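Hi everyone, and thanks for coming.

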Amino acid sequence: MSNHFPRRLIGAAMLLLPLAAVAGEPIPVETFARHATISMPRLSPDGQSLAVRMDGEDGAHALVVFKVSDMSRPVSMLRLPKYEVPANFVWTSPTRLIVEKGREYGSIDKPMLTGEILATDLDGKHQDYLYGRDSMKYGRRAASRGTDRGWGFYDGKPDEPNGHFYMSAESWDSNDQSSLYDVDADHNTRHLIGDIDVADMSFMVGKDGTAHYAYGRNEKFDYVVYHHEGSGWTPLTASQVGVSFAPLESAPDGQHVYAFFSADGGPTSLVEMSETGGDRKVLAPGDFGSVDDIEWTAKPAQPFATTLATGIPTPRYIDPNAPMAKLHRALSLKFPGSYVSFVNFSTDGSELLFGVSSDRTPGTYFLINTHSYKVQKLFDAAPWIDPKQMAERRPMTFTARDGTKLEAILTLPKGAGENNLPMVLMPHGGPIGIEDTWFYDDDAQFLASRGYLVLQINFRGSGGRGIDFEQAGYKQWGTGIQNDLIDGVKWAIAQKFADPKRICIFGASFGGYSALMAPIRAPGMFKCAIGYAGVYDMALLYKKGDTHQSELGRNAMRATMGADENQLDANSPAKLADKIDVPVLLIHGEDDQRAPFAQFKAMKAALDAAHKPYEFLTKPGEGHGFYSEKNNVELYNTLQAFLEKHIGKGA
């Protein structure tokens, strides 16, 4: 474990005062181009230590451990190779952690787990390689694990921190099977506690330490749920678990389970039920949106509050008189306009790590003693952000042309009023299962700081509304989804929010696709289009995309985007460039593996062939979204100048 991490980053991470802009001047671009230095805090079982992810400016990432009594300097630091991240880490005892490694492919993409799991003591000693592709090279058991290679994933741990955790694994030698192990992280030993002849399954372990459920999408991309009964697995039917079901945690009695549930494919509810589907009780119903975040008590964990995936997150208490509900409500009153999230407790429940975040700040983390109620501030996620300078984000709803009710999120430029504003439509990525939320958004806040109204739409296919709503976006990339975006613009105009003569579209990943596709579907609506790390040739993505490397990935693509090449071409901006009637800006990382640089080249060549005007910004060494702060500053300045030219004061 190395401590050679830039000390200036550690010092900067501890700063608690935001950097204010000079009155009357725009907020510096650098404010939005910076990455949060510290994130993902986890409190140790004894409440004495805090593990966090720390990110450097050069693509270096580390797991860092602090004593909560002294957050000014780290106890230890586990640095990972460039672009590899501690994607998840868990305390298995007061002195030991396990780390799931991930790889970061760009700033707009979540890290992808590599299937490798490491272990380390809090002081950086006794590091070990527990499972993964290099099991036969590293770790104290390497000599005896020559064929022990595969993908391993954290799948829970016992209520009492005894040094063990549960790991689901898929061996490269038997990729049609999923296994579950009880792993001793101290001694790097494990024993099998469940397996099933279906690949890519997650497990839920009961209070007895055995696998009770296996669930997930099989190779056909069908969602399946199995319950362990006797000596085998029994598939559960829709009559038992509805159309949508995901087990979360065993109830304290060991006979019931908490789960996300939907009987008909609509928004999911939180339920408590027997393991085979009977004796079902709705603890928190879904509404327009699904039950999303759940607040849990200390072990044995019980849910005490939920929020919905849509709208401004508002806690709904299952039992308002429960002690943790009262504590949560009291803390919420101390932070008006923000959402309080309980991260985790010490084993005895006496120490609680909680976070506070909102639409105007990425968040601040605190420690509270649940007996004395003494509160200690730990750190700000982005101390340079001044919430007073940020814009309001306002969730609203409108109705699409086919009668579907959709959520829109407006970011209103501060001090600009609410009428007849220049607007940027900003579709999210995905498109399936991803959604925009009320919480802080760097891009939206940057655009609002430059005087633009920002419109984000959770179109059909987005997450947070249930499986039927997601599936409504299947094979609708260039049709139904674009109609939803266009209808959202028409709604913003009808509500007098947007000036119809000053509207542009800017999006990343699938949003980049939409940025080029929406102007094709709605000629004359937009004044410019900006595609960032976008997909522009669907057939090329289908043939060469990274998800095409597995049977599950291929079936997922067939289901969600289709496989007919003529249909793919009919919905690809690179094949329809002659229909684009607006100036275009293309932004792309040359090392992008999610939307390969070939996508940029295809779109550029198509615009050239159609004699259409465009500008571009590309960067070597950048992946799916720019990571370098310097490159992000250039990106924002380029974006600002392009918008200014077409819908700003210079238009």
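**A helix and its surroundings**

Let's start with helix H4, residues 323–334: at 1.5 Å a residue its twelve residues should span 16 Å, and its end C-alpha atoms are 17 Å apart, which agrees. The expected span here is 1.5 Å times one less than the number of residues. Helices (H or I, at least four residues) and strands (E, at least two) are DSSP runs, numbered from the N terminus.

Before going on, a word on the source: this is a predicted model, where local features need pLDDT of at least 70 and side-chain atom pairs count only at pLDDT 80 or more, while totals for chains, interfaces and linings use all residues. Residues are numbered from 1 along each chain as its sequence is written, and side-chain values use heavy atoms, with hydrogens and water left out.

Back to H4. Which of its residues are buried? They are Met324, Ala325, Leu327, His328, Leu331 and Ser332. These residues cover an arc of only 160° around the axis, which puts them on the same side of H4; the arc is that of the directions from the helix axis to the C-beta atoms. On the other side of H4, Pro323, Leu333 and Lys334 are exposed. Buried means under 20% relative accessible area, exposed over 50%, and partly exposed in between, with a 1.4 Å probe and protein chains only.

And what do the buried residues of H4 pack against? Six strands: S21 (291–296), S22 (303–308), S23 (316–317), S24 (339–345), S25 (351–357) and S26 (364–369). Contact, by the way, means heavy atoms within 4.5 Å.

**Strands and sheets**

Now please find the open sheet of four strands, in the order S13-S14-S15-S16 with antiparallel pairing. Strands S13 (202–205) and S16 (232–235) stand at the edges with a single partner strand each, so one side of each is left without a neighbour in the sheet. From one strand to the next, the twist averages 25°. For that angle, axes are lines fitted to C-alpha atoms, for helices over the stretch in contact, and angles run from 0 to 180 degrees between N-to-C directions.

S13 and S14 (residues 211–217) run antiparallel and are joined by four bridges. Met204 has Tyr213 in S14 as its bridge partner. Two strands pair if DSSP finds at least two bridges between them.

Further along comes strand S17 (residues 244–250), where five of the seven residues are buried, so this strand is largely enclosed by the rest of the structure. Six bridges join S17 to the antiparallel strand S18 (residues 256–262). Ser250 has Val257 in S18 as its bridge partner. The two strands form a hairpin with five residues between them, and Gly254 in the turn has a positive phi of about 75°.

**A disulfide**

How many disulfides are there? The count comes to one, taking a disulfide as a pair of cysteine sulfur atoms within 2.5 Å. The disulfide joins Cys504 to Cys528, with 1.8 Å from S to S. The pair links distant parts of the chain, 24 residues apart: Cys504 is in strand S32 (residues 498–508) and Cys528 in strand S33 (residues 528–532). The link is right-handed, with 120° about the S-S bond. Are these two cysteines buried or exposed? Both Cys504 and Cys528 are buried.

**Loops worth a look**

The peptide bond from Lys299 to Pro300 is cis, with omega near -5°. The bond from Gly430 to Pro431 is cis too, with omega near 5°; Pro431 lies in the loop between strand S30 (421–425) and helix H5 (442–449).

Asp279 has a positive phi, near 55°, and is not a glycine. You'll find Asp279 in the loop between strand S19 (269–274) and strand S20 (281–284), and at 56% relative accessibility it counts as exposed.

His611, also not a glycine, has a positive phi of about 55°. His611 is in the loop between helix H12 (597–609) and strand S35 (614–619). At 72% relative accessibility, His611 counts as exposed.
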